[in-house]
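Reader: I'm new to this structure and would like a close look at one part: the place where the two chains touch. Could you walk me through it and what surrounds it?

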Protein chains: 2
Amino acid sequence: MFRKLVSFHEAKQILKRNFSPKPVGLEKVFLSKAHNRILAKDILSPIDVPPFDRSTVDGYAVKAADTFGADEDHPITLKLCGHVTIGVPPSVVVEKETTVETVTGAPLPKGADAVVMLEYVIRRGNSVSMHRPVSKGENVMKAGSDIEKEKTVLKKGQTLSSREIGVLAALGLTQVEVYKRPKVAILSTGEEIVEPGKPLPPVKIYDINAHTLSAAVLECGGEPINLGIILDNINQLKAALKKALDLADIVVTSGGVSVGPKDIVPEVLDTLGAPGIIVCGIAVKPGKPTTIAMINEKLVFSLPGHPTSSLLMFYLIVRPILFQMTGIHEKAPLTLKATAATKMFPARGRRTFVMVILTYNKSGKLLASPVSLGLSGAITTLAKADGFVEIEEKKQFIDAGEEVMVYLFKPKNWLESV
Amino acid sequence: MFRKLVSFHEAKQILKRNFSPKPVGLEKVFLSKAHNRILAKDILSPIDVPPFDRSTVDGYAVKAADTFGADEDHPITLKLCGHVTIGVPPSVVVEKETTVETVTGAPLPKGADAVVMLEYVIRRGNSVSMHRPVSKGENVMKAGSDIEKEKTVLKKGQTLSSREIGVLAALGLTQVEVYKRPKVAILSTGEEIVEPGKPLPPVKIYDINAHTLSAAVLECGGEPINLGIILDNINQLKAALKKALDLADIVVTSGGVSVGPKDIVPEVLDTLGAPGIIVCGIAVKPGKPTTIAMINEKLVFSLPGHPTSSLLMFYLIVRPILFQMTGIHEKAPLTLKATAATKMFPARGRRTFVMVILTYNKSGKLLASPVSLGLSGAITTLAKADGFVEIEEKKQFIDAGEEVMVYLFKPKNWLESV
């Protein structure tokens, strides 16, 4: 298999030329299942919210003009002509110099344009003395003041959290159109790997990548389909990849792409459909053997077998595309500035990613320290790391004390002390 | 119903004295279902990972001492005596001055203690010339070097992301013990609210809180049980609260706690079991009517009916307790320093929470601007806000230009420009 490494930047450009990531379809879900899904259409309000003028306090509904001039010493007395309550259409009308008792949330009766709070009123029988004036609209929430009918209240691409779900409920919706989750088939290859739960023969290791990659797909809002371990056999691998391409919107394999004699993934990938392999090795560290194919308009990412390399390459190359296929708006990774705790060297001519742990030193400075450089195969390297630092190809090294940008694996409250 | 407001701090203290939040139990889940769950026990490795010495490169396994002195011009030639491959126990032994062909990931054959990379070797038949020396252990990943047998590799309380799931797979585990999700019963009360999906009679509004609170429970790792809308009827409410206390670990109601004549929730809460109501109103804005009861060792939070108030009070009072009941380690809210865009005033004598939107001004300063202060009933207030600013009781105001701490509703990449 002929390999010509391309730079990290070139790999991204080749991907961009060959594939325009977009959502894979829409589906309707109930609000109770909508949490964390991505809105597929702009939402226009079918109603005014609130649908009627409401009192925002307990008190007395009035014509504001009737209260002008009232103060502590010179209250204005109005005649009580009824009351309104929550959820019941008012049967009374506020005429000039009359008032109607009301509570928070109750509809404003006809004729009224403001509400005087209970605290500023003294009532004796049907005589209600107002000790303060109110202006027109005071203590009233107007119909449509929260959400106006026909207005766009949520935009497609928004992630539905508790707050957006509240808006949908306010409109009376029970279902909402969201983007379908892109399906990601996951295959592990290699003679040496064994499914967790099975006994471990000597010289074999448990399959890590199928599990880390499945969870990483979930973290991006995709739906993982774990197709298990495929042995290094051309026909089995071909059949498995065909099945994966049938079932899923995108395929991710791990293992079988380095230069050993058994690395048959690239060989098989070039026989499954046009254009076949578009990237065959990237000048990065770790992750050099990463291979990308386009087969009948679907992408296949063949990542290295080393767990740290494969998950990092997923993060750098697959995740941005998967995010676009979920229809999500927010794509920027979480980043944070820190100070390099030690000198960090790149691999010659390759963009290098150094896993780091973040800690504060005594003077409160946030330090990024590399996690056991050199053991890129170690799963614990990844589990210990808070994020990674990128060293560009042309940079000779990052010096101790230099400011670096750390890409975080998950949000942490590093912000508090920033 | 007698009400005596307590301060925000006192409310937290009363809660602490009456209730020690702890996880509600353990359950076993498969790795494919473990994502985002909370580990309930420390994980000790049952095996060495890798379980055997492995080559980390393609090349030739040697006794390191045999290569000492080799360089470009003076290669050392060893005799090829076989090869090893991935996943197969080696049948050859590396004797003095011999070498064995190997590939990345293959077990190191007996007798060898290092591997020379393919790039530094010229092979002619069974003659292999080494053009570089290797030191003992070079290009070899020792058994147990990633994870040592019997060592603690993950700690209880950790959230299982792709990386921790990778560690569990590496150990050969298929299931893992996680904390049960605390069940949270959710009730809405009020004569004026209607379930979304039903026609909206005049002077009624759709129920928002059941949906926002359910989603907020999911965001905390809890399991919401939405018991729907209960009319303002003492017997119905009593029956619904009893059912909620039976089904769930914690109960959250909304509505029916302000001072109107129909606010029967506190009345009912005091009849269900000891000690009954422990907090009946908190000096905060918004959220003043918030009522808390302990009934037979379960907490009932009765939040206000206004959607913004109820979700904010959930965030401030319920969420910290729910987090502890999920067993999660990370509890610190996401915070970020910003500059107040305008003067912000507290309500007299009450701790005040102002919803804010974050934006950058022309000179790159991060500004926190209040979202339509005063309309705390508006669901859109909450949907627009990025977070909130807290104004302590004794503070007169926050001045425009003052530095403020913003509590974020969700992580955003505000960090990039910090």
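Author: Let's start with a term: two residues are in contact if their C-beta atoms, placed from the backbone, lie within 7 Å. This is a predicted model, where local features need pLDDT of at least 70 and side-chain atom pairs count only at pLDDT 80 or more, while totals for chains, interfaces and linings use all residues. Residues are numbered from 1 along each chain as its sequence is written, and chains are lettered from A and ligands numbered from 1 in the order in which they are written.

Now the meeting place: 80 residues of chain A are in contact with 78 residues of chain B. On the chain B side, the elements giving two or more residues are α2 (162-170), β15 (205-206), α3 (209-219), α6 (307-326), β22 (335-340) and α7 (379-384). (Helices are DSSP runs of H or I, at least four residues, and strands are runs of E, at least two, numbered from the N terminus.) The top contributor is α2(B), with 8 residues. By type, that side of chain B has 42 nonpolar, 24 polar and 12 charged residues. Here Ala, Val, Leu, Ile, Met, Phe, Trp, Tyr, Cys and Pro count as nonpolar, Asp, Glu, Lys and Arg as charged, and the others, Gly among them, as polar.

Let's zoom in on α2(B).

What about the nonpolar cores? A nonpolar core is a set of buried Ala, Val, Leu, Ile, Met, Phe, Trp, Tyr and Cys residues joined through C-beta atoms within 7 Å. The largest one has 97 residues, and those with the most contacts inside it include L168(A) and A170(A) as well as V251(B) and F314(B). Its largest share, 12 residues, comes from α6(B). Take A170(A): leaving aside neighbours within four places in sequence, A170(A) is in contact with V49(A) and I147(A), and also with Y206(B), I208(B) and I379(B). Apart from that core lies another, of 96 residues, including I193(A) and M313(A).

Stepping back to chain A as a whole, there are 7 helices and 26 strands. The C-alpha atoms of chain A fill a box of roughly 100 × 55 × 45 Å along the principal axes.

How values were computed. A residue is buried if 20 or more other C-beta atoms lie within 10 Å of its own, exposed if 12 or fewer, and partly exposed in between; C-beta atoms are placed from the backbone.
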